Amino acid sequence: MIALFFRDLKLAVRAGGGAMLGVLFFMTVVAVIPFGVGPDLNLLARIGPAILWIGALLASLLGLDRLFQAEREDGSLDLLLMQETPLLLTVFVKCTAHWSATGLPLVVASPFLGLFMNMNELAIGATMATLLAGTPAITFIGAVGAAVAVALPRGGLLVSILVLPLAVPVLIFGISAVYAAIEDPAPFLPPFMILMAITLFFAVIGPVAAAAALRHSAD
Amino acid sequence: MRLLVEGLSARRGEDLIFNDISFALAPGEALIVTGPNGSGKSTLLRVLAGLLAAESGRLYIDGGPTGFKHPHELSHYLGHRNAMKRELTVEENLSFWQSFLGDSPGGAGISTAAAGEAVGLGGITHLPFGYLSAGQQRRMAMAKLLVAHRPIWILDEPTAALDAGADRLFSELVAAHLERGGIVIAATHQPLGIGQSQALQMKGFVH
C-alpha cells in the first residue's frame, strides 16, 4: 500500500502528471480577480477568503477524472481489482496520494495568493487551516465521481458536475469558518468542527462508494 | 491445490457468450483456450480473473491455502494491456508490482533485475517503460509475472507482438512455472509449445 502511495506521487510529479496544473489554475483564478474587481482594497480583503476557497475547490476538481481512468487505460485497474487487499483500502490510499500531490500544494500556495487579495495574517491563517481541513473531503467526494465516470472517454466535466453539489457543504462551512475567525462575534470552532466532520465522514463513505462503483464498472 | 470450474456461463448484454463450461486443473497442468475472434476467450478469462461476474456456475480452489475466498486472489492476470506506467522506468514499475502484489503462500518472486534477465532484457530496466518497443513492453509485462509469486497464471493472448525468439522464451517461462506446480490458463492463436495441457475450443455465441 505504501508502494501504491509513492507510485502515484511519482506519477503526479513526472511529466504529464498534472500535480502542478491545479496550483497553476488556482493562481490564475485568484490572480485575475483583482483586475476584474478593481483596486478597492477593502472589498478585496472582504471577498478574499471566498475567492481563495472557490479557486481551491475548482482547482481540486481539475485532475480528479484521471484518478482511476489512467489506471483503467493501461490495464492496471484490473490488477488492483483482483487483489486480496480490500478495494476500499486501495481507493483510500489512491485518494491520499492524489490529495498530497494536488491538494496540499493548494494549501501551501494559499498564503501567497492571500497577499494578492489584501488579506491580513489572521484571515490568511484561517483560510490555510480551513483549506487543510476541507480539501481532503473534496478529493474523497471526487473519487466517487471519478469511479462512476471511469469508463467514459470524456468524463472530466461530468465528474465535476457530479461532484459539485456534494462539495458545496464543504465550501459553505469552510468559508463560514474563515469569516467567523476574522469577524468578532461569531465563534470559529463550530463551523471548523463541522468542516472536519464532513472530511472524516467522506473519508469513510467516499472510498466505500468508489470501490462499489469500480466493481460494477468492470467490463 | 486444484482449480475447479463447474457449469460456468457468462452473458454480455443479451447474448450468452458461453454456456456450461467445466474443467479441473491440477498443479502442473495447463489449459489452452482456442477459438475464432469473438468466441468468448477473453470473456472466459476475465470471468476466471474475477473481473466479470459469471451468469451461472462456480469456480473454486480445492485444497489451497486458507484465507483466500476466490481463485483470483491467487492468480496473475496478463490481459491485452500491459498494466505498466509509461512515465515510470521498468525497474520502478516492476518493484511497485512486486511490493503491491506480494507473494502468495508457497513461493517467492524473484528480484526485478533477475526478472528482466529472465525475459532477455536485463540491460534496459532503467529506461522509462514508454521508450520500449511494443514487443519489449510485452516482455516486460511478462517479467511482472515473475516478480511476485502466484500459483495460477491467466494469460490472454500472451504472445501478441512477440517475435519467434521471444515466443520460445515465453514458452520456457510457462513450462518452468508448470514444473514448479503452477497452473496456467492461456487463450492463444499460436501454439505455446507446452507439453502436458488440456485444450478448450470456444465456439462462439449461444443464442
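## Fold of chain A

Chain A contains nine helices and zero strands. Read from the N terminus, its elements follow the order α-α-α-α-α-α-α-α-α. Chain A is as compact as a globular protein of its length, because its radius of gyration of 18 Å is close to the 17 Å that the globule rule gives for 219 residues. The structure described here is a predicted model.

Taken along the principal axes, the box filled by the C-alpha atoms of chain A is roughly 55 × 35 × 30 Å. Among contacts in chain A with a separation of 6 or more, 79% are between residues 24 or more positions apart.

## Surface and charge

Of the 219 residues in chain A, 52% count as buried. The accessible surface of the chain is about 9700 Å², and carbon and sulfur atoms account for 76% of that surface.

Chain A carries 9 positive and 12 negative side chains. The centres of these two sets are 9 Å apart.

A:Glu71 belongs to helix H4 of chain A, which covers residues 66-73. Its relative accessible area is 2%, so A:Glu71 is classed as buried, the cut-off being under 20%.

The side chain of A:Glu71 forms a polar contact of 2.7 Å with the side chain of A:Lys94. When neighbours within four places in sequence are left aside, the residues in contact with A:Glu71 include A:Arg7, A:Asp8, A:Ser76, A:Leu77, A:Leu80 and A:Lys94. A:Glu71 is also in contact with B:Lys85, a residue of chain B.

Methods: Residues numbered from 1 in each chain as written. Chains lettered and ligands numbered in written order. Predicted model: local features only at pLDDT ≥ 70, side-chain atom pairs only at ≥ 80, totals over all residues. Heavy atoms only, no water. Helix = DSSP H or I, 4+ residues; strand = E, 2+ residues; numbered from the N terminus. Buried < 20%, exposed > 50% of the residue type's maximum accessible area, 1.4 Å probe, protein only. Polar contact = N/O pair within 3.5 Å; in protein donor to acceptor, adjacent residues only side chain to side chain. Contact = heavy atoms within 4.5 Å. Rg over C-alpha atoms; globule rule 2.2 N^0.38 Å. Areas by Shrake-Rupley, 256 points an atom, 1.4 Å probe, with all protein chains shown as cover. Lys, Arg positive; Asp, Glu negative; His and termini not counted. Charge placed at Lys NZ, Arg CZ, Asp CG, Glu CD.
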